[in-house]
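Hello,

Here is the structure you are taking over. Please look at it first, then read the notes below it.

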Amino acid sequence: MELQRKLERMIQVGTVTDVRPAEGLARVKHEDTGMISDWLYVLQHGGAALSVAPDGLHTHGISDSYTGGGSAENAGQHSHPGSRLGAWMPPVGSTVLVLYAQAGDGDGDGYILGGTDYG
């Protein structure tokens, strides 16, 4: 019976209460217990495919050390090679799914697998 309880605690749903974007960490308040987790790692998927399809004419902000920046307006149809995904952090208040690395009390090492708000 104890093993079953521990296994049930490995996967939990909660609400994000705090984030540390630079470190890829967040804390979660669990729905069933009301307890707030320790800092949890937010899983990333750096190898995900990214496709940028411009709508024809749009403006680009430019930042460089020679001219100081500016914009290129009404750029014609073109691609954005080298585009990459940035890190995703769940917004405070969003619902997330948490997987704990060990069957325990739900406050140890864990990972936020994803959420319902990708804002």
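The side chains of His30 and Gln12 make a polar contact at 3.0 Å. A polar contact is a pair of N or O atoms within 3.5 Å; within protein, one must be able to donate a hydrogen and the other to accept it, and residues adjacent in sequence count only if both atoms are side-chain atoms. This is a predicted model, in which local features need pLDDT of at least 70 and side-chain atom pairs count only at pLDDT 80 or more, while totals for chains, interfaces and linings use all residues. Residues are numbered from 1 along each chain as its sequence is written, and side-chain values use heavy atoms, with hydrogens and water left out.

His30 lies in strand β2. Strands (E, at least two residues) and helices (H or I, at least four) are DSSP runs, numbered from the N terminus. His30 counts as buried because its relative accessibility is 3%. Buried means under 20% relative accessible area, exposed over 50%, and partly exposed in between (1.4 Å probe, protein chains only).

Ser37 belongs to the loop between β2 and β3 and is buried too, at 1% relative accessibility. Leaving aside neighbours within four places in sequence, Ser37 is in contact (heavy atoms within 4.5 Å) with Arg27, Val28, His30 and Tyr100.

**The core**

Which residues make up the largest nonpolar core? Its 11 residues are Val16, Ala26, Val28, Leu40, Val42, Trp88, Met89, Val96, Val98, Tyr100 and Ile112. Such a core is a set of buried Ala, Val, Leu, Ile, Met, Phe, Trp, Tyr and Cys residues joined through side-chain atoms within 4.5 Å. Strands β2 (25-30), β3 (40-42) and β6 (95-100) each give two or more residues to this core, and β6 has the largest share, with three. Not counting residues up to four places away in sequence, Ile112 touches Ala26, Val28, Leu40, Tyr41, Val42, Leu43, Val96, Leu97 and Val98.

**Rings**

There is one aromatic pair. The ring centres of Tyr41 and Tyr111 are 5.9 Å apart and their planes are at 25 degrees, so the pair is stacked. Rings of Phe, Tyr and Trp (its six-membered ring) pair if their centres lie within 6.5 Å; planes under 30 degrees apart count as stacked, over 60 as edge-to-face and the rest as tilted. Tyr41 is in β3 and Tyr111 in β7 (residues 110-115), 70 residues apart.

Regards
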